[in-house]
Amino acid sequence: MSTSHHEPAAAPADDQARERDAQRNAVVELVRTAPVAEELAERFAAAGHRLYLVGGSVRDALLGRLGTDLDFTTDARPEQVRVLLDDWAETVWDTGIQFGTLGAYRHGTTVEVTTFRADTYDRVTRNPEVAFGDTIEGDLLRRDFTVNAMAIELPKRAFVDLHGGMADLVARRLDTPATPQESFADDPLRMLRAARFVSQLGFTPAPRVVDAMREMAGELLRITPERIQAELSKLLCGRHPREGVELLVDTGLAEHVLPELPAMKLEIDEHHQHKDVYRHSLVVLDQAIDLERAEDPDGEPDLVLRLAALLHDIGKPDTRRFEPGGGVSFHHHEVVGAKMTRKRLRALRYSKDVINDVSGLVYLHLRFHGYGEGQWTDSAVRRYVNDAGHLLSQLHKLVRADCTTRNRRKAAALQRSYDDLEARIARIAAEEDLAKVRPDLDGNEIMRLLGVDPGPVVGKAWKHLKDLRLDRGPMDHDEAVAELFRWAREQGIDVPEDR
């Protein structure tokens, strides 16, 4: 790898003062929240080795958000590191030892210690030829971004910043230690990491980083779907996911991650004006997150809701029709969109549960619009709840977020209608256990009453009774038995004559 790197411009005096303050604060934060770091450093120093807090741990300490997972780098080789950790930590693991990394746990803190690296890349895969280095300078140069290429030498508490990472942190700028082209050629996943850091940290990528992402988007073909999925999920669960998504689309990376997103940039012309579906989807994402945070400000980000908000209209380009008189229709776009969602998430190797939940929300997101002025029967409300199942709370948020009209009167009317639907759901739920709608007879009783063995007949009878339960609400036992026998006779099944 070339040593050409990001040369920080001279910072104005007030910026330099802010940087010095941030450095001091980072060290104070480190000592306050991670006393085990000092302990560990003293062990390494006593053995004649150097130890540095490095990468994201330094960045997060500077941002005042240092957690209990700490990353270190050292000149000690892996077997030497193991000896130093073994009688100090409560637990030690070596699953990353082939990359020079050992992990340990002590007093509630997890540490990873990696020997200095001086890797080379074949630029065909993203896998490095692992080579151990001898200097902190070489180790920092190979890192992805300048804000992740700073270190604190312990126990000296000396700050190491060779690539202007502090200045970039103060400016909330994302840049690379080497040229972006070199960095991304070594590991194209770094382009997705750039978009993820934009989302998580609210940083702005340097123009040369954006240019390189645009030039090299096709290099993502070297990355496995599982790696892409992991970065996409972290991006969507960040504080500013819209900005991360926009960077993916603007640079062309989305063509290799979620090609359905840029496809939603439907043209708008003077004869067929309608919402830009892509921009609408970004607004829905923002509004869904607002609703998610309003319900539980300290809760974990809801990946399923965020994916559904982003993808709920991906069926529109394939279903768009220009109608006589200048209108535009997207009939059944929720059905097409649910299939497209399932196919894309499967290609990205999401879990079966995530695939089912996200595609389920996409499929259901238009159902509410049949509610109109509240003329749904109680049966229709029960079916809405039943079809949503465990997704009901997320469906509520998605449907509300999907209202992006600038017409305040129309928006208020939609929200009132949904308020009314939620109130009706609550009323019926208070009278019936809507979360567990079941037929009034279970499978065992159906078999006993009809004198049949387990098989398709039992399933069909159960479904018939469940449909009746949704239509009518709870039935008493005798009424349910009578309905079962009535259905059985229609199917040609013999039932006791006294019924």
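In which helix does Ser-199 lie? Please take me through that spot, and then on to other parts if you can.

Guide: Happy to! Keep in mind that this is a predicted model. Ser-199 belongs to helix H8, which covers residues 189-201. Its relative accessibility is 0%, and buried means under 20%, so Ser-199 counts as buried. What surrounds Ser-199 there? Setting aside neighbours within four places in sequence, Ser-199 is in contact with Leu-235, Gly-238, Arg-239, His-240, Pro-241 and Gly-244.

From one residue in a helix, let us move on to helices that pack together. Two packed helices are described by the angle between their axes and the distance between the axes.

A second pair is helix H22 (residues 456-472) with helix H23 (residues 477-490), packed at about 130° with axes 10 Å apart. That angle makes H22 oblique to H23, and H22 passes H23 in a right-handed crossing. From H22, the contact involves Val-457, Lys-460, Ala-461, His-464, Leu-465, Leu-468 and Arg-472. H23 contributes Glu-479, Ala-480, Glu-483, Leu-484, Arg-486 and Trp-487. Here the residues divide into seven nonpolar, one polar and five charged.

Now for the loops, where the backbone deserves a look. Most residues other than glycine have a negative phi, and most peptide bonds are trans. Between strand S8 (150-154) and strand S9 (158-161) there is a loop that holds Pro-155. The peptide bond from Leu-154 to Pro-155 is cis, with omega near 5°. Arg-157 is found in the loop between S8 and S9 too, and has a positive phi of about 65° although it is not a glycine. With a relative accessible area of 39%, Arg-157 is partly exposed.

Another loop, between strand S4 (101-106) and strand S5 (109-115), contains His-107. His-107 is not a glycine, yet has a positive phi of about 50°. Its relative accessibility is 53%, and exposed means over 50%, so His-107 counts as exposed.

Conventions
Residues are numbered from 1 along each chain as its sequence is written. This is a predicted model: local features need pLDDT of at least 70, side-chain atom pairs count only at pLDDT 80 or more; totals for chains, interfaces and linings use all residues. Side-chain values use heavy atoms; hydrogens and water are left out. Helices (H or I, at least four residues) and strands (E, at least two) are DSSP runs, numbered from the N terminus. Buried means under 20% relative accessible area, exposed over 50%, partly exposed in between (1.4 Å probe, protein chains only). Contact means heavy atoms within 4.5 Å. Axes are lines fitted to C-alpha atoms, for helices over the stretch in contact, and angles run from 0 to 180 degrees between N-to-C directions. Angles under 35 degrees count as roughly parallel, over 145 as roughly antiparallel, 65 to 115 as roughly perpendicular and the rest as oblique. A crossing is left-handed if the near helix is turned anticlockwise from the far one by less than a right angle, and right-handed if clockwise. Ala, Val, Leu, Ile, Met, Phe, Trp, Tyr, Cys and Pro count as nonpolar, Asp, Glu, Lys and Arg as charged, and the others, Gly among them, as polar.
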